[in-house]
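Thanks for coming. Please look at the model on the screen while I talk.

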Amino acid sequence: MNALSDVLSQGAQMSLVLGVAPLLTGFVRKVKARLLRRRGPPLLQPYRDLIRLMRKDVVLADNASWLFRVIPYLIFAGTWVAASLVPTFGNGLLFSWTADLIAIIALLGSARFFQALAGMDVGTAFGGIGSSREVMIASLAEPAMLITVFSVAMIAGSTQLPNVAEFMGSDAVGLRVSLGMAFVALTIVALAENARIPVDNPATHLELTMVHEAMVLEYSGRHLALIDLSSHLKLLLYVSLIACVFLPWGTATADAGVGRLVFGALLYFGKLAVLGFLLAVFETSIAKMRVFRIPEFLGAALMLALLATLLRFVSGSL
């Protein structure tokens, strides 16, 4: 009976992240539209877009290889697994032993590699530009992300997300300067990894400025639907990661009752709403920066992560 409940809890988490990811994107778009005094798209518009794309036929270029056809499935699988490993409403689920921060970064890096490869596969100019920019951003974002993980791991004593969340929710943490620096660094990396303002504008389709859209211009139909769903999952992953590490309160344990799990799920939705609202406010209050200024933006995240690690190493109480 316990094994069945563990399987059901883990399946509920995987279904939850898959079903809520487009809703988070739609919520952010709706809040941004309201802040700009516009009506905006419906809250469920991302679901409609995905259904519409799934119904369309796939159009492939003549020189597209077999890898071009397989990559959308690889990106979706890697992103979905990585998002499912982050604790949401419950901690200590069936696959929690695999919820390692290093493993999640590796899964995201693999998905990014295949996406950049798909942008160059057909041989278009815009695909090559988008892939080169994506690799440039990744070369700066991944070190900042890794050092941020190391700084958090030095405080929590583990890179396992269940252990990190349990420690961060205890009274032994308190206010730490290093955690504040790690939080800002992780937020900057999340903006860059999800192609959000100020690094990229997800609502634009200008060929000379876009990064993510340039790599997927040749995709259509169900392939484009899988890539769009992967981008929704990636945004949910980083928001859930911030909530898990820095806002871990209210997460239920694996042996908790149904009522406690439902309360954890409701509290998780509240965290997503608050963080999504803050993201919309931030994006409406700042302009997109030039591509050549992105290294400075990510360099700030790298320096903050380094300072957090050094501060923790020099003084264990900060």
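Just past the end of α5, Gly 157 has a positive phi of about 80 degrees. Before going on, this is a predicted model, where local features need pLDDT of at least 70 and side-chain atom pairs count only at pLDDT 80 or more, while totals for chains, interfaces and linings use all residues. Residues are numbered from 1 along each chain as its sequence is written, and side-chain values use heavy atoms, with hydrogens and water left out.

Now the helix itself. Helices here are DSSP runs of H or I with at least four residues, numbered from the N terminus. α5 covers residues 125-156, which is 32 residues. From first C-alpha to last it reaches 46 Å, close to the expected 46 Å; that expected span is 1.5 Å times one less than the number of residues. At Ala 138, α5 bends by about 25 degrees, the bend being the angle between axes fitted to the seven residues ending there and the seven starting there.

What caps the N-terminal end of α5? Thr 124 does, with a side-chain oxygen 3.3 Å from the backbone nitrogen of Gly 127.

Glu 142 and Arg 112 form one, at 2.3 Å from N to O. Glu 142 is in α5 and Arg 112 is in α4, 30 residues apart, and the pair links distant parts of the chain. The structure has 8 salt bridges.

Next, backbone geometry elsewhere. Most residues other than glycine have a negative phi, and most peptide bonds are trans. Arg 37 is not a glycine, yet has a positive phi of about 60 degrees; Arg 37 sits in the loop between α1 and α2. The peptide bond from Ile 197 to Pro 198 is cis, with omega near 10 degrees, and Pro 198 is in the loop between α7 and α8.

Last, pockets. On a 1 Å grid over the protein atoms alone, a pocket is an open set of points where a 1.4 Å probe fits, with protein on both sides within 12 Å along at least five of seven lines; lining residues have an atom within 4 Å of a point. The volume is the space filled by probe spheres set on the points, which are joined across faces, edges and corners. The largest pocket comes to about 1000 Å³. It has 46 lining residues, and the closest to its centre are Arg 29, Pro 202, Glu 213, Ser 231 and His 232. α9 gives the largest share of that lining, 8 residues.

The second largest pocket has a volume of about 290 Å³. Its lining has 14 residues, with Leu 191 and Ile 242 among those nearest the centre.

Key:
Helix = DSSP H or I, 4+ residues; strand = E, 2+ residues; numbered from the N terminus. Polar contact = N/O pair within 3.5 Å; in protein donor to acceptor, adjacent residues only side chain to side chain. Salt bridge = Lys/Arg side-chain N within 4 Å of Asp/Glu carboxyl O.
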